Amino acid sequence: MFSLNGSSCTNNSVSGVSRCLTQSRKRMSVPMVAVASVSSNVKPGERHASVLMENTLKEMKESAPVIEKDSKSAVSGGVGDVYGEDSATEDQTITPWTHSVASGYSLLRDPNYNKGLAFSEKERDSHYLRGLLPPVVVDQELQVEKLMKNLRQYDVPLQRYIAMMDLQERNERLFYKLLMENVEELLPVVYTPTVGEACQKYGSIFRRPQGLFISLKEKGKILEVLKNWPEKKIQVIVVTDGERILGLGDLGCQGMGIPVGKLSLYTALGGVRPSACLPITIDVGTNNEKLLKDEFYIGLRQRRARGQEYAELLDEFMSAVKQNYGEKVLIQFEDFANHNAFDLLAKYGTNHLVFNDDIQGTASVVLAGLMSALNLVGGTLAENTFLFLGAGEAGSGIAELIALEMSKQTGAPPEETRKKIWMVDSKGLIVRSRMASLQHFKRPWAHDHEPVKELVNAVKSIKPTVLIGSSGAGKTFTKEVVQAMATFNEKPIIFALSNPTSQSECTAEEAYTWSNGRAIFASGSPFAPVEYKGKVFVSGQANNAYIFPGLGLGLLISGAIRVHDDILLAASEALAAEVSQENFEKGLIYPPFSNIRKISAHIAAKVAAKAYELGLATRLPQPENLVAYAESCMYSPSYRSYR
């Protein structure tokens with residue numbers, strides 16, 4: 001086992017971090033691995049396939065696969081290490097059985113380096129692969145073609161999901177190559193809506209761990225658990241406690257499918273290197289009786305921990321993450337229930353780099369869609385009236401960001417712009433007379449109005465120009481509701497955001513048909529194009545995947561230490577700017593996902609620029625061309641040559 005000693009850096013100020021960055025570049029970076037010696041009298045032809053290196057740095061360097069760098073990338077292997085200056089990453093103990101794969105059978109079983117039939121003749125000789133592969137050599141493009149052909153033969157989406165996860169576990173670069181080149185077709189497979197079904201059945205389809213499971217059993221030992229993860233330079237963590245998975249409710253430990261899926265998109269769409277991503281599930285139990293009785297359930301068989309026990313576990317987790325990975329690791333909270341989500345964001349947002357995708361990511365992508373839709377309906381954001389069905393994480397987050405953007409555009413205080421936004425929850429329209437019984441995050445939206453119980457009556461009374469559904473309840477935008485929107489709006493804007501597809505407030509076909517083809521429609525899950533009266537309508541998908549990969553990349557390349565509301569607004573404005581006139585002519589208010597890597601680079605550039613402007617960036621000096629820099633930092637899934 002090798003241990004590296006480095007100088008300590010305890011000054012977290014911008015200038016202090018900058019000095020430490022300079023110091024860290026002077027130190028030689030040596031891979032920390034545990035090695036086992038190999039008997040010197042073993043002939044090469046008799047070597048076991050899982051050859052390990054001699055325990056000297058020289059032999060480690062000679063034995064391990066050498067990857068020829070991609071000359072096009074300014075930062076080889078994706079986003080550069082931003083934690084060299086953090087003392088938390090120095091002198092860490094490592095798992096004693098970690099080893100570097102040198103050759104042979106082990107190389108074929110390592111998803112980071114395996115290329116399958118794409119290993120060249122020379123590589124097969126150099127790395128003892130002769131006989132372990134059929135004689136044919138194929139390129140990565142042919143592998144992608146074959147896999148897409150195989151995937152399209154599956155009729156059941158979950159079968160495609162399982163096939164994709166199997167590919168990710170055996171050939172990482174091929175997985176991302178396949179996903180990136182077929183993103184519009186495969187995004188619904190690895191993300192919504194299929195990931196919802198995968199979480200429901202996660203215990204049955206579980207094969208290999210794809211992230212860390214931290215349960216109440218690990219309380220007091222979370223730092224040790226984090227050190228069990230083989231990758232030490234983590235830049236992005238997506239964490240869930242599984243209590244509110246999409247619109248499916250409490251799935252407990254089986255919510256792991258969400259962090260795994262989100263981080264796949266961080267790499268495929270945002271270019272963050274896979275080894276820098278860590279999915280985590282916090283298991284405090286589940287209140288889902290069906291799961292507790294399921295023999296295949298993989299989590300704690302107890303009801304959810306609440307109160308102090310829950311808070312202490314989360315507090316230990318957040319402290320351990322910062323201690324182990326440094327100040328600038330991005331922690332994305334995902335699918336926490338309302339009563340925890342807002343509190344966690346408020347508690348840790350001031351002292352960690354944290355982001356809640358359900359509150360902030362959804363808000364940012366919806367705001368972008370609304371700004372884009374104004375090109376079709378005319379006017380300004382402040383000239384609209386908004387009505388929400390659903391006042392939870394998503395609804396409250398969207399509403400607040402809309403209010404902040406209107407405040408930015410008009411100069412009016414947010415207290416005034418919030419008056420343009422109304423909400424309906426399970427008890428009806430949120431009004432001032434209900435103030436005493438409202439949760440704290442609903443109170444800003446309680447305005448003077450008589451109580452209204454039904455959504456359709458609220459629509460007729462408020463007469464909104466924009467109707468947004470974030471309730472998690474399907475079929476709630478009824479024919480009467482949509483027709484009411486169409487009576488006082490020439491082009492009603494209707495966003496049915498709840499996931500998965502079965503929980504959508506209405507379908508694209510219903511929105512277009514009931515509005516006589518006049519609605520501007522977007523949804524959380526994808527819908528096929530709709531033909532109505534001889535015209536084809538292509539709906540937009542207000543998918544968080546437009547925002548969080550680019551947002552994350554921008555935070556990383558700038559070395560941001562906090563997520564400010566203005567950064568979210570910058571991301572929204574950047575996404576809205578990517579919608580072309582050609583897209584508008586087709587009725588689209590979001591750009592095609594086929595261009596998502598370039599879109600993410602532009603979002604990252606705007607996010608990074610805002611971080612520098614706000615004084616939240618630590619990677620100094622600021623690059624002159626942030627778009628080009630972001631693109632140069634993006635991970636490439638193309639195979640590298642080994643020698």
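The lining of the largest cavity divides into 6 nonpolar, 1 polar and 4 charged residues. (Nonpolar covers Ala, Val, Leu, Ile, Met, Phe, Trp, Tyr, Cys and Pro; charged covers Asp, Glu, Lys and Arg; the others, Gly among them, are polar.)

Before we go on: this is a predicted model, where local features need pLDDT of at least 70 and side-chain atom pairs count only at pLDDT 80 or more, while totals for chains, interfaces and linings use all residues. Residues are numbered from 1 along each chain as its sequence is written, and side-chain values use heavy atoms, with hydrogens and water left out.

**Stop 1: the cavity**

Select Tyr161, Ile162, Met165, Asp166, Glu169, Tyr202, Ile205, Phe206, Arg207, Arg208 and Gln210, which line the largest cavity. Helix H6 (157–170) and helix H10 (202–205) each give two or more residues to this lining, and H6 has the largest share, 5 residues. The volume is about 130 Å³. On a 1 Å grid over the protein atoms alone, a cavity is a set of points where a 1.4 Å probe fits but cannot get out; a pocket is an open set with protein on both sides within 12 Å along at least five of seven lines; lining residues have an atom within 4 Å of a point. Points are joined across faces, edges and corners, and volume is the space filled by probe spheres set on them. Helices (H or I, at least four residues) and strands (E, at least two) are DSSP runs, numbered from the N terminus.

**Stop 2: the parallel sheet**

Now pick out the open sheet of 5 strands, E1-E3-E2-E4-E5, with parallel pairing. Two strands pair if DSSP finds at least two bridges between them. Which strands are at the edges? They are E1 (212–215) and E5 (354–356), each pairing on one side only. E1 is joined to E3 (277–283) by 4 bridges; zoom in on Ser215, which stands opposite Asp283.

Next, show helix H14 (307–325), which lies across E1, E2 (236–240), E3, E4 (330–333) and E5, at about 160 degrees to E3. Angles run from 0 to 180 degrees between N-to-C directions, with axes fitted to C-alpha atoms, for helices over the stretch in contact; contact means heavy atoms within 4.5 Å.

**Stop 3: the mixed sheet**

Select the 7 strands in the order E8-E7-E6-E9-E10-E11-E14, an open sheet with mixed pairing. Strands E8 (428–429) and E14 (540–541) each have a single partner, so one side of each is left without a neighbour in the sheet. E7 (421–425) and E8 run antiparallel, joined by 2 bridges, and Asp425 has Gly428 of E8 as its bridge partner. Helix H16 (357–377) packs on this sheet, touching E6 (386–389), E9 (466–469), E10 (493–496) and E11 (520–523).

**Stop 4: the second largest pocket**

This pocket has a volume of about 640 Å³. Of its 37 lining residues, Arg244, Leu246, Ala394, Ser470 and Ser498 are the closest to its centre. H12 (257–268), H16 and H17 (393–410) each supply at least two lining residues. By class, the lining has 11 nonpolar, 17 polar and 9 charged residues.

**Last stop: confidence**

Colour by pLDDT, the predictor's confidence in each residue, from 0 to 100. The chain's mean is 86, and 84% of its residues reach 70 or more. Over residues 1–64 pLDDT stays under 50, as it does over residues 69–99. Where pLDDT is low, the predicted coordinates should not be read in detail.
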